[in-house]
Amino acid sequence: MKILYIDIDSLRPDHLGCYGYHRETSPNIDSLAERGVRFNNYYASDAPCAPSRTGLFSSKYGIHTGVVNHGGVQADMRPIGADRPFNYHHTEHQAWVEALRFKGHHTAMISPFPGRHAAWHVQQGFLETYDTGKHAGETAGDVSKDALRWIKERATEKDDWFLYLNFWDPHTPYRTPEEYGNPFKNDPAPDWLTDEIIAEQRESYGPMSIRDLPRGNQWAGLPSEITCREDFKSWIDGYDTAIRHVDDHVGKILDALREQGILDETIIIISADHGENQGELNVYGDHQTADHITSRIPCIVAGPGIKQGHVDEDFHYQIDFGPTVTELVGAKASGKWDGQSFLPALTDGESAGRPYLVVSQNAWSCQRSARFENWILIRTYHDGLKEYPELMLFDIENDPHETVNLAEERPEIVAKGLRLLDQWVAEQMKSSDSPIDPMWAVIHEGGPFHTRGDALDTYLAKLRKQNRHEAAERLESRYRPEKLKG
């Protein structure tokens with residue numbers, strides 16, 4: 001069995017045609033969805049990048065691995081301790097990639113991620129690992145060049161293989177080559193972000209908010225802030241062009257598999273590490289929350305033995321993928337994994353989901369959220385310099401962009417969500433090897449990695465330099481109420 005996993009960083013599903021997007025961003029990905037299974041409610045248990053990929057490859061929640069942050073103690077896997085075996089082969093500590101390896105699969109990774117985040121633990125079980133060398137500054141062409149070489153040189157010499165491939169283009173700063181142009185020049189931007197919302201967000205604050213967009217060596221024409229709908233269109237054009245650029249290279253990879261005569265033998269997975277807020281909760285081009293937009297990711301699976309043209313509406317975690325593919329190749333799942341196989345959904349279109357999900361964020365804010373029925377309840381423990389209330393409740397079915405907080409209007413739904421959060425934390429701490437909840441360790445260590453240290457003083461100075469004094473006072477009152485009282 002040949003398996004190709006394509007991980008497209010920061011790819012939110014609702015910007016793909018197969019998930020209903022109005023722009024033609026993803027014809028090649030859409031073609032895979034037509035002949036496979038598309039999952040509508042597939043979420044990263046822990047965001048963003050390092051916690052998510054740790055969860056993917058360990059098939060464990062961050063509350064169990066300890067990896068919930070991008071720096072500090074909670075950016076490293078917890079040691080096993082005195083019972084650590086000589087190696088993890090055929091033990092409960094074996095990762096699912098290694099389970100594939102011991103079922104005869106040649107395992108390979110093409111990605112700069114382990115080096116970029118010092119997350120070497122995700123390499124467990126891989127026989128080959130190749131760093132594309134640009135520290136996530138790669139464009140799709142850099143990545144597909146190495147992937148095409150691997151397919152031509154290795155994919156035909158092995159009967160069974162698993163290749164994990166990592167594209168980065170939809171992650172800011174958008175770096176699509178300028179000569180690629182703008183395929184969406186004449187397409188309108190999503191209409192949910194109104195002039196009224198823009199005006200309201202401009203009075204607020206936060207890292208990567210509407211007046212503090214991510215900057216870098218970017219695609220031409222991106223605004224430095226958003227003042228109107230036209231600016232929003234320019235910003236979204238950059239993100240969508242990056243997606244289309246990656247999709248072109250996905251097409252090249254499919255063509256290479258076809259040319260080698262192995263496309264029909266290969267199971268192909270399209271997914272991501274997290275989504276990307278594009279104005280939702282006043283975050284642009286980043287992934288700072290445990291909301292629906294950051295936590296929900298695409299999952300499309302196509303290939304031999306996979307049900308064709310099926311859409312699965314059940315709740316699944318990204319950590320469920322490992323047990324699923326392990327069962328698919330006839331290997332045994334570890335009792336230490338938190339993931340649950342959804343193989344019946346892949347092969348027969350049968351329901352194999354979970355009753356609800358809990359998703360977490362601790363690198364840009366400290367939040368846990370319950371995703372149940374048509375709701376998401378977000379509880380904020382540390383706002384990461386953003387203007388969030390403690391509780392936010394959104395009706396995802398009717399308000400997918402999270403514009404109306406219903407927490408005060410629907411206290412009975414808030415109560416249910418809080419019960420689910422409490423139930424989940426209790427269950428996970430009971431089964432944990434450690435008595436420490438890593439989220440609280442992050443808070444006591446100084447907060448989310450990207451907003452700790454001198455970040456508050458730096459941002460307050462920036463706000464005041466921009467004459468945003470009211471916003472600065474509101475922010476300072478949250479963190480230093482005693483100063484303002486004095």
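How many aromatic pairs does the structure hold? The structure, which is a predicted model, holds 18 aromatic pairs. The points below take up these rings, then the sheet and the helices.

1. A pair of aromatic rings is described by the distance of the centres and the angle of the planes. For Trp-96 and Phe-321, the ring centres are 5.6 Å apart and the planes stand at 75 degrees, so this pair is edge-to-face; the cut-off for that class is over 60 degrees. Trp-96 belongs to helix α4 (residues 96-101) and Phe-321 to helix α10 (residues 321-328), so the pair ties together parts that are 225 residues apart in sequence. Both Trp-96 and Phe-321 are buried.

2. **The ring cluster.** Trp-96 and Phe-321 are also members of a cluster linked by ring pairs. Tyr-5, Phe-57, Phe-126, Phe-162 and Tyr-164 belong to that cluster as well.

3. **Charges over rings.** Two arginines should be noted here. Arg-53 lies over the face of Trp-168, at 5.3 Å from the ring centre. Arg-101 lies over the face of Phe-102, with a distance to the ring centre of 5.3 Å.

4. **The sheet.** An open sheet is built from 8 strands with mixed pairing, in the order β5-β4-β6-β1-β7-β10-β2-β11. Strands β5 (128-130) and β11 (310-317) are at the edges and have a single partner strand each, so one side of each is left without a neighbour in the sheet. On average, neighbouring strands of this sheet are turned by 15 degrees against each other, direction ignored.

5. Ile-268 has Ala-302, in β10, as its bridge partner.

6. **Helices on the sheet.** Helix α1 (residues 27-34) packs on the sheet and touches β1 (2-8), β2 (36-43), β7 and β10. The direction of α1 makes about 65 degrees with that of β10. Helix α8 (residues 229-259) packs on the sheet too, touching β1, β6 (161-167) and β7. Between the directions of α8 and β6 the angle is about 160 degrees.

7. How are α6 and α8 oriented, roughly parallel or roughly antiparallel? Helix α6 (residues 140-155) packs with α8 at an angle of about 10 degrees, and their axes are 10 Å apart. Because angles under 35 degrees count as roughly parallel, α6 is roughly parallel to α8. The contact involves residues of α6 including Ala-140, Gly-141 and Ser-144, and residues of α8 including His-245, Val-246 and His-249.

Definitions and conventions:
Residues numbered from 1 in each chain as written. Predicted model: local features only at pLDDT ≥ 70, side-chain atom pairs only at ≥ 80, totals over all residues. Heavy atoms only, no water. Pairing = 2+ DSSP bridges. Helix = DSSP H or I, 4+ residues; strand = E, 2+ residues; numbered from the N terminus. Axes fitted to C-alpha atoms, helices over the stretch in contact; angles between N-to-C directions. Contact = heavy atoms within 4.5 Å. Phe/Tyr/Trp six-rings, centres within 6.5 Å; stacked < 30°, edge-to-face > 60°. Buried < 20%, exposed > 50% of the residue type's maximum accessible area, 1.4 Å probe, protein only. Lys NZ or Arg CZ within 6 Å of the ring centre and 35° of its normal. Parallel < 35°, antiparallel > 145°, perpendicular 65-115°, else oblique.
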